[in-house]
Amino acid sequence: MNNNVFTCPMHPEVQKDKPGTCPKCGMKLVQKKGSEVNTTEHEHDEFAMMHGGTEVAQSFLRRFLIVTVLLVPLALLSEMGVEYFKVPDFSLRPYLEFAIATIIFYFSLIFFQHAQHEIAARKYGMMTLVSLAVGSGYLFSAVGTFVPSLEAEFYLEISTLIWVLLFGHYLEAKSASAAGDALSEVAKLLPKQAHLLVNGTVKEVTVETLKKGDMVRILPGEKAPADGVIMKGSANFNEAHISGESKPLHKSEEDHVVAGAICIDGSVEVRLDRVGEHSTIGQIQKLISEARQTKPNVQRIADRAAGWLTITALSVALLTLLVWSLIVGQTFVFALTLAITVLVIACPHALGLAIPTVTTIATQLAVKNGIFIKDMGKLEAVKDIGYVVFDKTGTLTKGTFGVTDVTGGEDLLAIAASLEAHSSHVIGISIVKHAKEQKIALKTAENIKNIAGKGLEGTIQKTRYMIGNTTLMEEKNLVTNEAKKTYAKLAEEGKTVVFVSDTKKILGLIALSDEIKQESYQTVEALHRLNVKVAMLTGDNRGVANGVAKKLAIDTVFAEVLPEKKYEHIKQLQKEGTKV
C-alpha cells in the first residue's frame with residue numbers, strides 16, 4: 001500500500017499519491033510531512049514547504065515581466081496599432097503578431113493545467129472560463145492569420161488577459177509565502193540536532209529521526225527537541241514561547257518538558273512522549289499550514305460566482321453561435337467570432353486581480369507588523385471587533401528577565417553582581433548583565449557558597465556578603481519592617497525580589513521582571529481611542545499580570561492560564577456577545 005502523499009507548497013489542498021507538478025500553479029509537488037519519507041527527503045521537503053510560496057511568486061513575476069515586454073511590440077503590430085498609432089502595415093505583420101502571441105500563449109498553459117484540475121473536480125471556476133476564452137481566442141486568431149478571409153483576431157485581447165491573470169497569480173503566491181515565513185520562524189524554535197541515549201552512549205542525531213520513547217540528554221543552553229518527561233536530573237527551563245511565563249521554571253524528575261523549551265542550567269535526561277507533528281511545536285506548525293488553505297469570504301463568493309459565470313458564458317456563447325448562424329443567417333465564421341467575443345468579454349479580469357491584490361496587501365501589512373492571520377476569512381470581521389486579546393511575554397513585554405529596581409546604589413549592585421558572576425541562575429545572569437550595562441566594575445569574590453533554593457554568599461574585600469530570597473534573610477534574622485514594606489511593594493507589582501546583605505544588616509533590594517515594551521503603551525491607547533477593549537491572556541502569575549495590566553490600563557486580565565485553556569477564555573468573551 002502506498003502511503004506517500006505529495007502536495008503543493010502554494011496550494012496544500014492539492015494532494016496526489018505520486019510526484020508531479022501542481023495543476024494550479026505548476027510548482028513541483030513535495031512530500032507531505034507524516035507520509036513515508038526518508039530523513040534527507042523530509043528536510044528538503046520541509047524547506048520547500050517553507051519557501052515554496054516565495055519561489056512560486058518569483059516564477060509568476062518572471063512570467064509577468066516577460067509578457068509585459070512582449071505586449072509592447074504586440075500592441076504596435078496589432079490592428080489597433082495600425083489604426084491608432086499609425087504603424088505602417090506590411091505583409092509579415094500578421095505573422096509577427098502570431099509569433100509574439102504564441103510566446104505569450106505559452107505562459108498561459110499554467111491556466112489550462114488549473115482548468116483541468118477544476119474540471120476533474122467538477123468545480124468549474126475562473127480558470128475553466130479563462131482557458132476556454134484564451135484557447136478559443138488564440139486558435140481562432142491563429143487560423144485567421146493563415147486564412148485571411150476570416151478577418152478576425154484576438155491576439156491583443158487574450159494576451160492582455162494572460163498578462164492581468166499572471167499578475168494576479170503573482171500576488172496570490174506572494175500572499176501565500178507569508179505562511180511559509182511563519183513556518184520558518186516556528187521551525188527555529190527547535191534544535192537541528194539532539195543527543196540520543198542508546199544503551200548509555202550518547203549519539204548525535206537529527207531531530208527528524210527521533211521517535212516516541214527515545215531517551216535524549218539536554219545540556220545547559222540547549223532546546224528540548226520534543227515533548228517529554230524528565231527521567232534524570234533537574235534544571236531551570238524557559239518556556240515563555242508556550243506558557244507566557246517570563247520567569248524560568250524549575251523542573252526535576254517526572255516533570256514535563258515541552259518542545260522548544262530552553263534548558264538554562266543543569267543537565268537532564270528526557271524520555272520523549274510526543275515527537276514531530278505530534279509535539280507542541282508540531283501542532284503550531286499544523287495550525288499555520290492550515291491557515292494557508294483559508295480564504296476571505298469574499299474570495300469564496302468570487303469562486304462561486306466564477307463557477308456560475310463559466311456556465312452562463314458558455315451558454316450565452318453557444319446561444320450566440322446558434323442565433324447568428326441559424327436564425328439571423330450570418331456566416332458560421334461571423335457567428336463564431338461573436339461567440340468567442342462573448343467568452344473573452346465574460347472573462348472575470350477583476351476577479352483574477354482585485355481579490356488577490358486586496359488579500360496580498362492585507363497579508364503583507366499584517367506580517368510586516370508582526371501579525372499572522374490564522375484564517376483569512378476572519379480578516380473581514382476585524383472592523384467589528386470589540387475586544388483585542390494579547391499574550392504578555394514577548395508581545396506586550398520584551399520577553400527577557402531584567403533588573404527594574406535597585407535600592408542601595410552602585411555599591412550594592414557591584415556587590416550583588418560580583419557574587420552572582422559565580423552563578424548560572426537566570427536571576428544572577430540578569431543582575432550581572434545589568435551591572436555591565438551600567439558599566440559597573442565587578443569585584444573579586446572568594447569562598448563562594450551556594451545555598452540551594454535560597455541564594456549564595458561569598459567574601460569581597462574581607463567582608464562576607466549574601467544575596468538571596470526572604471527565607472535566607474529570615475534564617476539570618478536580618479529582615480526589618482522597612483525591608484518587608486519595600487519587598488511587599490515590589491512583589492505586589494509582580495516583580496521577583498532578592499535581598500543583598502552583609503552579616504549584620506540588609507543593604508538593599510534588587511527587583512527583576514519582564515519589562516514592558518514602549519510601543520505597548522501606544523498600542524493599548526490607540527485601541528481604546530477606537531473604542532476597542534483590551535484583554536491580556538497569560539500563563540504568568542497573577543501578581544506579574546496585574547502589575548503589567550495596571551501600567552498599560554488593560555481592561556481584562558486572564559492570568560495563570562495553561563496553553564490548552566486559553567481558548568476557553570476567548571470563547572467566554574465571545575459568549576458575552578463581543579467579537580474578539
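The charged end of Arg63 lies over the ring of Phe60, 5.0 Å from the ring centre. The rule asks for NZ of Lys or CZ of Arg within 6 Å of the ring centre and within 35 degrees of the ring normal.

This is a predicted model, in which local features need pLDDT of at least 70, side-chain atom pairs count only at pLDDT 80 or more, and totals for chains, interfaces and linings use all residues. Residues are numbered from 1 along each chain as its sequence is written, and side-chain values use heavy atoms, with hydrogens and water left out.

**Cores**

Phe60 also belongs to the largest nonpolar core, which has 50 residues. Such a core is a set of buried Ala, Val, Leu, Ile, Met, Phe, Trp, Tyr and Cys residues joined through side-chain atoms within 4.5 Å. Buried means under 20% relative accessible area, exposed over 50%, and partly exposed in between, with a 1.4 Å probe and protein chains only. Phe60, Leu74, Ile104, Phe111, Val130 and Leu166 have the most contacts inside this core. Two or more core residues come from each of α1 (39-77), α3 (93-106), α4 (109-120), α5 (126-146), α6 (155-187), α9 (297-327) and α10 (332-346). Helices (H or I, at least four residues) and strands (E, at least two) are DSSP runs, numbered from the N terminus.

What does Phe111 touch, leaving aside its neighbours within four places in sequence? Its contacts are Met127, Val130, Ser131, Ile162, Leu165, Leu166 and His169. Contact means heavy atoms within 4.5 Å. A second, separate core has 23 residues, including Leu412, Leu413, Leu419 and Val500. In soluble globular proteins, nonpolar side chains tend to be buried together.

**Aromatic pairs**

The structure holds 12 aromatic pairs. Rings of Phe, Tyr and Trp (its six-membered ring) pair if their centres lie within 6.5 Å; planes under 30 degrees apart count as stacked, over 60 as edge-to-face and the rest as tilted.

Phe167 and Tyr170 make a tilted pair, with 5.9 Å between centres and 35° between planes. Both sit in helix α6, three residues apart, so about one helical turn separates them. Phe167 is partly exposed at 27% relative accessibility. Tyr170 is buried at 11%.

Trp324 and Phe334 are edge-to-face, because their planes stand at 65° with the centres 5.7 Å apart. Trp324 is in helix α9 and Phe334 in helix α10, so this pair ties together parts 10 residues apart in sequence. Trp324 is partly exposed at 31%, and Phe334 is partly exposed at 35%.

Ring pairs also link Tyr95, Phe98, Phe105, Phe112, Tyr138 and Phe146 into a cluster.

**Salt bridges**

Side chains of opposite charge can pair when their charged atoms come close. A salt bridge here is a side-chain nitrogen of Lys or Arg within 4 Å of a carboxyl oxygen of Asp or Glu. The count is 14. Among them are these:

| Salt bridge | N to O distance | Relative accessibility |
|---|---|---|
| Asp89 and Arg93 | 2.8 Å | Asp89 53%, Arg93 7% |
| Asp384 and Lys383 | 3.6 Å | Asp384 41%, Lys383 68% |
| Lys565 and Glu568 | 3.7 Å | Lys565 38%, Glu568 47% |

Shared partners join Asp89, Arg93 and Glu97 into one salt-bridge network. Within it, Asp89 is exposed, whereas Arg93 is buried.

Most residues other than glycine have a negative phi, and most peptide bonds are trans. Asn477 has a positive phi of about 55° and is not a glycine. Asn477 lies in the loop between α15 (470-475) and α16 (481-492). At 70% relative accessibility, Asn477 is exposed.

Glu560 likewise has a positive phi, near 55°. Where is Glu560 placed? It is in the loop between β21 (556-558) and α19 (566-575).

**Confidence**

Mean pLDDT is 81, and 82% of residues reach 70 or more. pLDDT is the predictor's confidence in each residue, from 0 to 100. Over residues 33-51, pLDDT stays under 50. The model has 38 contacts beyond four places in sequence for residues 33-51. Where pLDDT is low, the predicted coordinates should not be read in detail.
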